[in-house]
Amino acid sequence: MEPINIAKPLLGQEEKNAVWEVLASGKLAQGEKAAQFESAFARYCGTRHAVAAANGTLAIHLALLAHDIKPGDEIITTPFTFIGTVTPILFCRANPVFADIDTTTFNISPSDLKKAITPKTKALLPVHLFGLPADIDSIRESAQNIPIIEDACQSHGASFKGKRVGSLASCACFSFYPTKNMTTGEGGMITTDNDELSDKLRLLRDHGQKNRYEHVILGYNYRMTDIAAAIGIEQLKKLEPFNEARNKNASSFTAGLRSIDQLQTPATPPKYHHVFHQYTLRAKDRDLLRDHLRSDGINCGVYYPRLVSENPPVKPFATRPTPIAESTTHEVLSLPVHPGLSPDDVKRVLSSIKAFYSKHP
Ligand SMILES: *Cc1c(COP(=O)(O)O)cnc(C)c1O
């Protein structure tokens, strides 16, 4: 039997035609297509602006720079995330400060975040992990006037109280890596309602260039190509159906696994719209279940097998204990939930899990 993969980008004739059009035009670098993609993405998120970038990590770097993050400043974030959330803080020579997570949502705990705030705290960087928005209302209450930057790299199209991620804070950063809910190959985006911030992000992204060869600040080359943007325009049109398919697969898993006491299925609290970048269980005998599924050709994933703060470049900053996040790394297992799954694939995953727990009560 064919293996079932944990992720599968779905690209069709539309993307092929769009890329070919850009190649034929000879205008490959950031230009008209990037501008079109930005407008469409801003409209989708319900923000005034969207600024395209080379990838999600650099989108976060731009967001921090646009907020004037300086060496020694403290940025509070979660240790239960991909390292691309945290390295941009180090690029600024600022200090990541880690707050623990909530047991049921896997997202940053607003109460622990509050305890981590000091006079040096210059920004909060919550992650909408696995496609579920973080508790932005409680975070904002704790934050007073500290700016909040959303890491929305796993949550394109998710919403909280009817507002899409991307529009919930000072600005938000997205990734279009091939495993995400939509892709451009490599790519990123920052959304914001703030005109001044948007102008600054554009300067920083393009060599600090205000007019041709007039470089008013230290900038970078973090631009997106028009080839990537052309793919993004087509993928964005498919994002809603992609997310619906993810939700349908997730509902089938949750219904099918309800009777298994050794599993905790993912929560979607009221007023949240989850887009299931990952369908993540807490599982008894996690490693054995993972091996069993893989031997059945089901390539499940462990996100994340260790805290970001346990990796050498970050470890010196792990000064606060985050015991819930730590224990979570030993329990989580993500099932394939992507829109390319067939109904038979879903059945195969369910029967493999049931077979495992009938032997491991
Ligand atoms: C993917 C991801 C990033 C980084 O995005 P890239 O485009 O891979 O650079 C950052 N944060 C989170 C939570 C991610 O999942």
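# Briefing: sheets, helix packing and local backbone features

An open sheet of 3 strands, with parallel pairing, runs in the order β3-β2-β4. Its edge strands are β3 (95-98) and β4 (121-125), each of which pairs on one side only. The structure is a predicted model. It also contains an open sheet of 4 strands with mixed pairing, in the order β1-β9-β8-β5.

**The parallel sheet**

- In the sheet β3-β2-β4, neighbouring strands are turned by 30° against each other on average, with direction ignored.
- Strand β2 (residues 74-77) and β4 run parallel and are joined by 4 bridges.
- Within this part of the sheet, Thr77 stands opposite Leu125 in β4.

**The mixed sheet**

- The order of the 4 strands is β1-β9-β8-β5, and the edges are taken by β1 (49-53) and β5 (149-151); each has a single partner strand, so one side of each lacks a neighbour in the sheet.
- The pairing of β1 with strand β9 (residues 188-192) is antiparallel and extends over 5 bridges.
- Ala53 has Gly188 in β9 standing opposite.

**Helices across the mixed sheet**

- Helix α2 (residues 32-45) lies across β1, β8 (171-175) and β9, and its direction is at about 130° to β1.
- Helix α3 lies across β1, β5, β8 and β9, and runs at about 165° to β8.

**Contact of α3 with α7**

- Helix α3 (residues 56-66) and helix α7 (residues 195-205) have axes that come within 9 Å and cross at roughly 120°.
- The two helices, α3 and α7, are therefore oblique to each other.
- The crossing in which α3 passes α7 is right-handed.
- On the α3 side the residues are Leu62, Ala63, Leu65 and Ala66, which meet Leu197, Lys200, Leu201, Leu204 and Arg205 in α7.
- By class, the residues of this contact of α3 with α7 comprise 7 nonpolar and 2 charged, with no polar residues.

**Contact of α1 with α8**

- The axes of helix α1 (residues 13-25) and helix α8 (residues 226-257) cross at roughly 155° and come within 8 Å.
- This angle makes α1 roughly antiparallel to α8.
- Helix α1 passes α8 in a right-handed crossing.
- From α1, the contact draws on Glu14, Glu15, Ala18, Val19, Val22 and Leu23; from α8, it draws on Asp226, Ile227, Ala230, Ile231, Glu234, Gln235 and Lys238.
- The residues in the contact of α1 with α8 divide into 7 nonpolar, 1 polar and 5 charged.

**Contact of α8 with α11**

- Helix α8 also packs with helix α11 (residues 343-359), at an angle of about 25° and with the axes 10 Å apart.
- At this angle, α8 is roughly parallel to α11.
- The crossing of α8 and α11 is right-handed.
- Asn249, Ser252, Phe253, Gly256 and Leu257 of α8 make the contact with Val346, Val349, Leu350, Ile353 and Lys354 of α11.
- The contact of α8 with α11 has 6 nonpolar, 3 polar and 1 charged residues.

**Aromatic pairs**

- The whole structure holds 14 aromatic pairs according to a search.
- One of these pairs is formed by Phe37 and Phe41, whose ring centres are 6.0 Å apart and whose planes stand at 70°, so the pair is edge-to-face.
- Both Phe37 and Phe41 belong to helix α2, where they are 4 residues apart, about one turn of the helix.

**Backbone features**

- Most residues other than glycine have a negative phi, and most peptide bonds are trans.
- The peptide bond from Tyr303 to Tyr304 is cis, and its omega is near 5°.
- Tyr304 is situated in the loop between α9 (286-295) and α10 (323-328).
- Asp68 has a phi near 60°, a positive value in a residue other than glycine.
- The position of Asp68 is in the loop between α3 and β2.

How values were computed:
Residues numbered from 1 in each chain as written. Predicted model: local features only at pLDDT ≥ 70, side-chain atom pairs only at ≥ 80, totals over all residues. Heavy atoms only, no water. Axes fitted to C-alpha atoms, helices over the stretch in contact; angles between N-to-C directions. Parallel < 35°, antiparallel > 145°, perpendicular 65-115°, else oblique. Left-handed = near helix turned anticlockwise from the far one by under 90°. Contact = heavy atoms within 4.5 Å. Nonpolar A, V, L, I, M, F, W, Y, C, P; charged D, E, K, R; others polar. Pairing = 2+ DSSP bridges. Phe/Tyr/Trp six-rings, centres within 6.5 Å; stacked < 30°, edge-to-face > 60°.
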